[in-house]
Structures are given as C-alpha cells and as structure tokens.
Amino acid sequence: MASAPWAEIREKFQAALALSRVELHKNPEKEPYKSKYGARALLEEVKALLGPAPEDEDERPPSDDGLGAGAHALGLPAEAVEVEGPIAQGAVRLAVIEFHLGVNHIDTEELSAGEEHLVKCLRLLRKYRLSHDCVSLYIQAQNNLGILWSEREEIETAQAYLESSEALYNQYMKEIGSPPLDPTEHFLPEEEKLAEQERSKRFEKVYTHNLYYLAQVYQHMEMFEKAAHYCHSTLKRQLEHNAYHPIEWAINAATLSQFYINKLCFMEARHCLSAANVIFGQTGKISTEDTTETEGDVPELYHQRKGEIARCWIKYCLTLLQNAQLNMQDNIGELDLDKQSELRALRKKELDEEESVRKKAVQFGTGELCDAISAVEEKVSYLRPLDFEEARELFLLGQHYVFEAKEFFQIDGYVTDHIEVVQDHSALFKVLAFFETDMERRCKMHKRRIAMLEPLIVDLNPQYYLLVNRQIQFEIAHAYYDMMDLKVAIADKLRDPDSHIVKKINNLNKSALKYYQLFLDSLRDPNKVFPEHIGEDVLRPAMLAKFRVARLYGKIITADPKKELENLATSLEHYKFIVDYCEKHPEAAQEIEVELELSKEMVSLLPTKMERFRTKMALT
C-alpha cells in the first residue's frame with residue numbers, strides 16, 4: 001500500500017460513498033451526474049493512494065477473468081482462501097474501489113468502462129471469492145455484470161454471471177455460514193465494523209437481489225416456471241428481511257399472480273393478489289428498510305399501481321369464471337346439467353387436497369401479516385363457481401375492481417388501457433349470463449354490454465385504433481346476435497308472439513348485421529375490395545362474421561315473400577363464400593370446422609327452399 005495516511009484514504013472513500021448516494025434529481029438540471037463524477041474523482045484518488053495491484057493479480061491475462069475463468073463462471077465449487085497479509089489485503093481494498101468505479105460508470109451510462117472495472121474487481125478477488133472477507137463483494141460484482149449484460153440483451157452471459165453468484169452464495173452458506181464482511185468494512189476502523197446481525201442482513205439482501213435478477217433473466221428466456229419460482233422466493237425473502245418498497249412489492253406480487261392464473265392455479269393467484277392488497281395498504285404507513293421518504297409523495301404512481309393491481313384482480317375473476325364455463329358447457333355453449341353435477345361431486349375432494357398441500361407452498365409472511373393476508377383471501381373463492389350465486393359473487397368482485405381500475409385508466413390519456421378494462425367488464429357480464437337461467441335477465445346482461453361498448457366506437461378514430469375498433473365491432477355484433485337468439489327462444493315459448501316481439505327480434509337482427517358488416521368492411525382495401533386472402537390474425541373472426549350474417553338474413557321475420565326470397569339469396573351468398581373460400585384455402589377449414597359443415601349443408605338446402613318459394617309466389 002502507498003505511504004499515504006490510512007485516515008486520509010478512509011476519509012476520501014467515505015466522502016465518495018456519500019456523493020454516490022446523492023439522488024440524481026438533487027443535482028443541477030444541466031449536470032445530472034455532477035455528484036457521480038465527484039464520487040468518481042475521489043475513488044480514483046483513493047485508487048492512486050492505494051498503489052498498483054499486486055503483480056500476481058494484475059498481470060493475469062484477460063481470458064483468466066470474468067466468464068473466461070472456467071470453474072467459478074460456471075458456478076463450480078471454489079476453495080476458501082483467506083485474505084492474509086498486506087499484499088492480499090491491498091488487493092481486496094483495490095477490488096472494492098474497482099467495484100465502486102464499475103457501478104459509478106454504469107450509473108452514468110458508460111457500460112464498457114463499468115464492465116472493465118467490475119471485471120478487474122473479479123480478477124483481484126478470484127482466489128479469495130469464497131472467503132469471509134470477499135464473498136459478498138464478489139457476488140455483488142457478478143450481480144452488476146449480470147444486469148449489465150442483460151441490458152445489452154446478452155441474456156445467456158447475464159445468466160452465467162447470476163447463476164455463478166447463486167452457486168457461490170449456496171456454497172458459502174453450506175461450508176462457512178457466518179455472516180461475511182460487507183464491502184464497506186474494508187475501509188472502516190475496527191471499532192466501527194458492523195455487528196454480525198447487520199452483516200447478515202446486508203448479505204441476505206445481496207442474495208435477494210441475485211434471485212430478483214435471475215427471475216427477470218428467466219422471464220426473458222421464456223423459462224416461465226423458473227422465473228415464477230425465483231420471483232416468489234424474492235418476494236418471500238423481502239418480507240422476511242423487511243426490505244421492500246410496499247408499492248413495488250405489491251405490483252410484483254400482483255404480476256406473479258398472472259403466471260398462476262395462466263396455469264389455472266387459482267389458490268396461488270388469490271394468495272399473491274391478497275398479499276398485494278395487504279402490502280399495498282402499507283404505503284406511507286409502515287416504515288421498512290427500503291422505504292424512501294418520497295414514496296408516499298407520488299400520488300400519480302400510487303393511483304397507477306392501484307389501478308394495475310385492480311386489473312390483475314379483474315383477470316383473476318374473469319379467468320376463473322370463464323374456466324368454470326368451459327368445464328360446464330355443452331357443444332352449443334349452454335349449461336350442461338350433467339357436467340355441473342359431476343363437478344359438484346368433485347368439489348369436496350378438491351377442497352381437501354388443495355387446502356392441505358398447496359397452501360403451504362405459497363405462503364407469504366408470518367404472524368400478523370399472514371393473518372391479514374388470510375383475512376383478504378377468505379372473502380374470495382378460488383374454486384370454480386358451479387351455479388349463478390357463486391358466479392355472481394366473483395362477478396361483483398371483478399366489477400368492484402373494474403370501477404377501481406377506471407378511476408385511473410380513464411379514456412383521456414389512457415385510451416387502450418381504458419378500453420381493455422371496459423372489454424373485461426363486458427366479458428364479466430357475458431360469462432355471468434352463461435350461469436343465468438332466466439332468459440329475460442340474460443338479455444339485460446347483454447344489453448349492459450352493448451351500452452358500455454357502443455360509446456367506445458364513437459370516441460375511437462378507426463385509422464389509429466383499427467384493431468381495437470374491429471374487436472369492439474365484433475363483440476357488439478355478437479352481443480346483439482345472442483340477444484336475438486334469446487328473444488327468438490322466448491317467442492318460441494309463446495303461442496302467438498305479438499308484433500312487438502317480432503319487431504324487437506328484427507331490430508336486434510338489424511343491429512347485429514350492422515356491426516358484423518362494419519367489421520367485415522374494415523377488412524376491405526382502400527378501394528373497398530374484400531381481400532382474396534384473409535390474414536391469419538382475422539381469419540376465424542371474419543369467417544364467423546360471414547357465417548352469422550348468413551344466419552341472420554335467414555332469421556329476418558317478414559310477411560313479404562319477395563323480401564324473404566331476397567334475404568334467402570343473401571344468406572346463400574354468404575354461406576357460399578365460406579365454402580368457396582375454404583376450397584381455395586384448405587388451411588381455413590381447420591379454423592371453422594363446425595361452421596363449414598353447416599354452410600355446406602345450407603348451400604345444398606337453400607336453393608331448393610328458394611325454388612319452392614318462387615313456385616309459391618307464381619301461384620299467388
């Protein structure tokens with residue numbers, strides 16, 4: 001080490017750390033990195049005062065460090081070599097400075113320079129990486145390199161660094177176990193060194209960060225199962241060590257719920273969302289180690305995250321309802337009473353198994369926190385609803401969160417988000433209608449859907465929101481189509497339907513036709529020509545629209561034989577389009593197998609029916 005007074009070196013290092021912690025917004029607007037550059041200058045001074053690296057460490061060829069270092073890069077076991085003597089101590093102190101210089105350069109967006117310093121840090125520490133003095137610093141350097149390579153989208157390189165950190169932590173805890181030195185302690189006098197408890201807390205926090213970064217890397221690599229496991233471990237550890245921002249923790253837990261929802265693991269999803277609610281409720285009330293003073297002073301972020309968590313709850317309710325419908329519907333989409341009975345019989349077995357086995361696997365928190373989360377969970381079912389009353393409870397919960405989400409995601413400023421929330425609200429009504437046995441009430445539910453969707457069409461510019469416009473047009477058309485079918489079923493039960501019911505059915509028919517036609521017209525080119533080849537993304541909806549238009553023309557009630565003949569001709573034209581298109585494009589047949597068979601049947605039957613009509617008209 002250089003002959004400079006040790007007190008001077010320590011003082012400069014502590015001053016550099018203090019400048020590093022200055023938040024960017026506290027710097028002059030035109031010099032956002034002023035404090036970072038000040039810290040860097042002090043770190044360079046400390047580096048000069050410490051003197052050059054020991055020869056055996058600094059002269060190592062570049063291929064011998066970082067990912068080229070063979071065993072440790074692959075997370076293979078290291079040997080515990082303790083830091084003994086002035087040369088080793090000098091190398092470690094220099095490594096601490098290289099680490100802070102690396103982080104400093106990354107903070108100022110100078111990634112290559114940051115990488116160079118972090119790699120030098122690893123090189124200096126390589127033989128001591130499993131020691132009590134160096135393991136925490138080594139893991140932190142690798143974590144930062146993992147983040148750096150992830151930002152460069154070199155995900156496999158990032159994965160190698162982060163998995164190496166994880167392996168080193170596990171090896172250290174297995175073989176040594178005592179809380180290691182925090183990197184800052186290398187520049188502290190003996191009397192100011194940290195207590196064992198504080199060391200342990202900091203080291204565990206380093207490992208928690210490692211798991212958090214690994215979760216992101218696995219997510220990026222589409223290793224979703226692994227990503228969810230690491231995300232869950234991170235969230236659990238953050239609670240255990242009281243090291244989290246309530247808003248950030250809650251949004252991460254709510255996001256994790258979406259993984260479980262997609263896997264139809266509703267108990268786990270409910271637990272994540274209940275925990276998110278409880279922790280989010282701590283914002284500004286409970287002080288945790290990572291809570292910043294300004295967190296409670298960001299109402300916009302607070303309301304945005306509240307809206308995002310609400311949207312996760314909506315997805316939970318909607319997916320659970322839709323999955324129940326899928327399990328209980330017959331081949332025409334109506335409630336199958338036999339399937340309903342079978343599922344009711346399986347309910348007890350499902351309860352016994354899931355409560356005992358799965359609940360333990362995903363529990364967040366202990367003591368009061370665990371009780372608070374359980375209290376939220378108990379108000380929400382994770383079981384697929386089997387009847388209207390159970391479905392209605394989930395519907396009302398979902399609707400509550402729809403209103404909560406819409407408070408932030410308003411049409412002015414959040415067009416796409418607002419529309420998605422409204423579409424989810426419509427979908428909640430649609431799936432609730434499946435469980436409703438009263439046809440008039442089902443009609444009213446579809447009417448509510450139309451009432452919330454139609455205003456969106458008026459507000460949207462079809463040029464900028466073409467895809468969304470199509471989705472809404474199709475959904476409104478389908479709602480009118482379902483209402484018409486229900487009104488026809490109601491009329492069929494009456495001995496003599498009056499003119500009011502007939503008019504109502506025809507008006508619903510006309511409205512459904514209007515919106516299906518708007519959807520189909522949106523597929524035309526600028527010259528208003530319908531495409532010869534329909535894009536894969538709209539093929540099924542386009543074919544369904546054509547099929548339903550054909551069916552709707554056949555359902556128009558009229559006393560005028562000439563008009564009825566025209567409607568049958570239009571109906572035949574649309575059925576024929578489907579058959580001809582599928583002959584020219586065989587791949588389309590797979591998308592609409594049932595509708596294609598019915599279309600072929602109608603193409604065969606309708607001409608005969610029309611001929612009979614012509615004969616009848618000629619006779620009269």
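**Working through the model**

A: Of the protein chain's 620 residues, 48% count as buried. Buried means under 20% relative accessible area, exposed over 50%, and partly exposed in between, with a 1.4 Å probe and protein chains only.

Q: What sort of model is it, and how are things counted?
A: This is a predicted model: local features need pLDDT of at least 70, side-chain atom pairs count only at pLDDT 80 or more, and totals for chains, interfaces and linings use all residues. Residues are numbered from 1 along each chain as its sequence is written, and side-chain values use heavy atoms, with hydrogens and water left out.

Q: How many helices and strands in the protein chain?
A: 23 helices and 0 strands. Helices (H or I, at least four residues) and strands (E, at least two) are DSSP runs, numbered from the N terminus.

Q: Is the chain spread out or compact?
A: More spread out than a compact globule, because its radius of gyration is 33 Å, well over the 25 Å that the globule rule gives for 620 residues. The radius is taken over C-alpha atoms, and the rule is 2.2 Å times the number of residues to the power 0.38.

Q: What box do the C-alpha atoms fill?
A: Roughly 120 × 55 × 45 Å, along the principal axes.

Q: And contacts?
A: Take those with a separation of 6 or more: residues 24 or more positions apart account for 74% of them. Contact means heavy atoms within 4.5 Å.

Q: Which H15 residues are buried?
A: Among them are Phe388, Leu394, Phe395, Tyr401, Val402 and Phe408. Gln399 and Glu404 are buried too.

Q: What do the buried residues of H15 pack against?
A: Four helices: H11 (266–280), H12 (299–328), H16 (415–435) and H17 (439–459).

Q: Backbone next. Where is glutamate 109?
A: In the loop between H4 (85–107) and H5 (111–125). Glutamate 109 counts as exposed because its relative accessibility is 60%.

Q: And where does leucine 264 lie?
A: In the loop between H10 (246–262) and H11. Leucine 264 has a positive phi of about 60 degrees, although not a glycine. At 37% relative accessibility, leucine 264 counts as partly exposed.
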